Amino acid sequence: MSTEKSRPLTSLDLRCSPSYSLAYQDAELMEQPELRPVRLMMEAIKPELGLERENIDSTIVVFGSARIADPDKAKHNLTAAEILLEEKPDDVRRQKRVERARKLLELSKYYVMAREFSRLVAEECLRGDRRNYVIITGGGPGIMEAANRGAHDKGAPSIGLNIDLPCEQEPNPYISPELCFHFNYFAIRKMNFLLRAKALVAFPGGMGTLDELFEALTLRQTGKMQHIPIILFGKHDFWDKVIHFEALVDAGVIAEEDLDLFYVAETPQQAWEYIKRYHDVNASSDLNEK
């Protein structure tokens, strides 16, 4: 049995120990369940610091489906689905795929509208040193891409709040790089959508859009957030088929005046004019220029 003592560790040995890492640089520590409050706080603070650094005072939130593509891509998807159906005409799944592709082609007009709406907003966004009415989206494809793209068309900044999903969501290429943020927590992401919001515009969308829309409506209804216009695009084509708002009133579960929490728009110009009237944008811009 050896009686030889182990040699003393050197300073370098100790510095290489995982326990020696600075706490905020210790990735393994940061992933521990006990550090969840710290992670939540960091996700809340990072975008705030980034928006302040870029002189962004206010935003306009655009929500909508990631699956509503631009018309050219939607036509391509329909053609591809039809070709597959021709190979197996009796395949029920392929029949349904064609039906969905055809419906998404009809909805692709909202991609065009979202892009045009953001172009209109971008002209106001570019006024002055501070940035107001900056387009902010979930940073993904579809309607989100269209909104970021419209701002990009005009050379205006726009924000994307991407989030980790089981099917990996990549940021669309039209977000301003310095305003592209990545989230793990839906709750903090949704909070960041609304903190600087001057308006919320909801295009047709799925569960994520419904979640985001109804959270904003609830916060407005209960007075837990600033007064902003909430605008629905495609109420008659889409929203009336998905949500029977009047039935909620008839059932007594919301008040009739709660229907005034949102405004219906059918064109980008109509939506932007309503937002300007709500906040009197032209008057405030004239004052800033004097």
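**Exercise 1. Work out how far apart Tyr274 and Tyr278 sit along helix H12, and how their rings are arranged**.

Step 1: Tyr274 and Tyr278 are four residues apart in helix H12 (residues 268-279), so about one helical turn separates them. Keep in mind that this is a predicted model.

Step 2: Look at the surroundings. Tyr274 is partly exposed at 21% relative accessible area, and Tyr278 is also partly exposed, at 34%.

**Exercise 2. Find out how Phe63 and Phe193 are paired, and where in the chain they come from**.

Step 1: Searching the whole structure gives nine aromatic pairs. One of them joins Phe63 and Phe193, with 5.0 Å centre to centre and 90 degrees between the planes. Planes over 60 degrees apart count as edge-to-face, so this pair is edge-to-face.

Step 2: Now trace the chain. Phe63 lies in strand S1 (residues 59-63) and Phe193 in helix H8 (residues 186-194), 130 residues apart, so the pair links distant parts of the chain.

Step 3: Check the burial. Phe63 is buried at 4% relative accessibility, and Phe193 is buried at 1%.

Step 4: Return to the tyrosines. The ring centres of Tyr274 and Tyr278 are 6.2 Å apart with planes at 50 degrees, so that pair is tilted.

**Exercise 3. Decide which side of helix H10 is buried and what it packs against**.

Step 1: In H10 (residues 235-242), the buried residues are Lys235, Phe238 and Trp239. They span an arc of only 115 degrees around the axis, which places them on the same side of H10.

Step 2: The face turned away from that side carries the exposed His236 and Lys241.

Step 3: The packing partners of the buried residues include strand S5 (197-202) and helix H9 (207-221).

Methods: Residues numbered from 1 in each chain as written. Predicted model: local features only at pLDDT ≥ 70, side-chain atom pairs only at ≥ 80, totals over all residues. Heavy atoms only, no water. Buried < 20%, exposed > 50% of the residue type's maximum accessible area, 1.4 Å probe, protein only. Helix = DSSP H or I, 4+ residues; strand = E, 2+ residues; numbered from the N terminus. Arc of directions from axis to C-beta. Contact = heavy atoms within 4.5 Å. Phe/Tyr/Trp six-rings, centres within 6.5 Å; stacked < 30°, edge-to-face > 60°.
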